[in-house]
Amino acid sequence: DPSPLQIENLSKVASVAIGDDFGCAKTLGNTVSCWGSNAQGQLGDGPTPSRTEAGPVGGSTSYLPNILGVAAGAFHMCAFNASGNVYCWGYNHDRELGNFNATSDVFNKPIIVVFHDFMTNPALSGVASISAGFYFSCAMQGSKAFCWGQNTDGQMGNGSAVTYIDSPAPVVKGSTAFGMIENSLSAGATHVCA
């Protein structure tokens with residue numbers, strides 16, 4: 001449609017993130033609602049059909065509370081809450097959801113992003129901003145950045161030549177952590193700048 005249309009069932013919006021064929025909004029009440037295609041689970045409320053009106057992520061009974069920020073990839077979505085934990089949902093073929101235990105290609109409800117350390121597998125925390133590319137995700141924790149997902153073009157920023165990384169990996173310069181200005185990281189389709 002060449003003219004703006006109001007998204008049904010959506011009001012008091014603080015920010016919006018748009019993916020390839022869907023959109024999500026963070027409300028002033030710190031919840032997330034999505035609309036559009038749900039072919040890859042990107043609406044985050046289970047195996048529901050695609051829709052033009054917005055609906056809460058997690059469904060009406062288990063919505064994501066206390067959300068401070070959102071980011072959309074091509075077919076996946078991530079959000080972080082007041083505790084700095086990151087949750088992602090949608091397409092996961094390149095492990096862009098950041099939970100190494102999640103090996104399915106699609107997750108239609110949010111899953112928490114965790115570190116793969118072979119022991120405790122702690123959740124990523126202390127995050128104050130996130131950004132997503134086509135098939136990867138990144139988050140900033142103070143002046144440190146972590147990325148996960150597709151790495152075919154070096155998107156992870158750690159010199160690795162692997163095709164994808166299935167949990168948060170620190171962005172490094174040489175062999176040391178690459179310090180950045182807080183909340184400065186922004187992902188493009190297959191690259192990142194900070």
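Reader: Among contacts in the protein between residues at least 6 apart in sequence, what share joins residues at least 24 apart?
Author: That share is 45%. A contact means heavy atoms within 4.5 Å. This is a predicted model: local features need pLDDT of at least 70, side-chain atom pairs need pLDDT 80 or more, and totals for chains, interfaces and linings use all residues.

Reader: What is the mean pLDDT of the protein, and where is confidence lowest?
Author: The mean is 94, and 98% of residues reach 70 or more. The scale, the predictor's confidence in each residue, runs from 0 to 100. Strand E14 (residues 176-177) is lowest, at a mean of 76. Strand E9 (residues 129-132) is highest, at 98. Where pLDDT is low, the predicted coordinates should not be read in detail.

Reader: How many helices and strands are there?
Author: The protein has zero helices and 16 strands. Both are DSSP runs, numbered from the N terminus: helices (H or I) need at least four residues, strands (E) at least two.

Reader: Why is Phe80 called buried?
Author: Its relative accessible area is 6%. Buried means under 20%, exposed over 50%, partly exposed in between (1.4 Å probe, protein chains only). So Phe80 is buried. Phe80 lies in strand E6 (residues 76-81). Beyond its neighbours within four places in sequence, its contacts include Asn85, Val86 and Ile130.

Reader: What makes Asn85 buried?
Author: Asn85 has a relative accessible area of 16%, so it counts as buried. Asn85 sits in the loop between E6 and strand E7 (86-91). Its side chain reaches the backbone oxygen of Leu124 at 3.0 Å.

Reader: Which residues touch the most other members of the largest nonpolar core?
Author: Of its 17 residues, they are Val86, Cys88, Leu124, Val127, Ile130, Ala139 and Trp148. E6, E7, E9 and strand E11 (144-150) each supply at least two residues of this core. Apart from it lies another core, of 15 residues, among them Ala17, Phe22, Val32 and Val57. A nonpolar core is a set of buried Ala, Val, Leu, Ile, Met, Phe, Trp, Tyr and Cys residues joined through side-chain atoms within 4.5 Å.

Reader: How do you know whether the radius of gyration agrees or disagrees with that of a compact globule?
Author: The rule, over C-alpha atoms, is 2.2 Å times the number of residues to the power 0.38. For 194 residues, a compact globule would be near 16 Å; the protein has 16 Å, so the two agree. The C-alpha trace spans about 50 × 35 × 35 Å along its principal axes.

How values were computed
Residues are numbered from 1 along each chain as its sequence is written. Side-chain values use heavy atoms; hydrogens and water are left out. A polar contact is a pair of N or O atoms within 3.5 Å; within protein, one must be able to donate a hydrogen and the other to accept it, and residues adjacent in sequence count only if both atoms are side-chain atoms.
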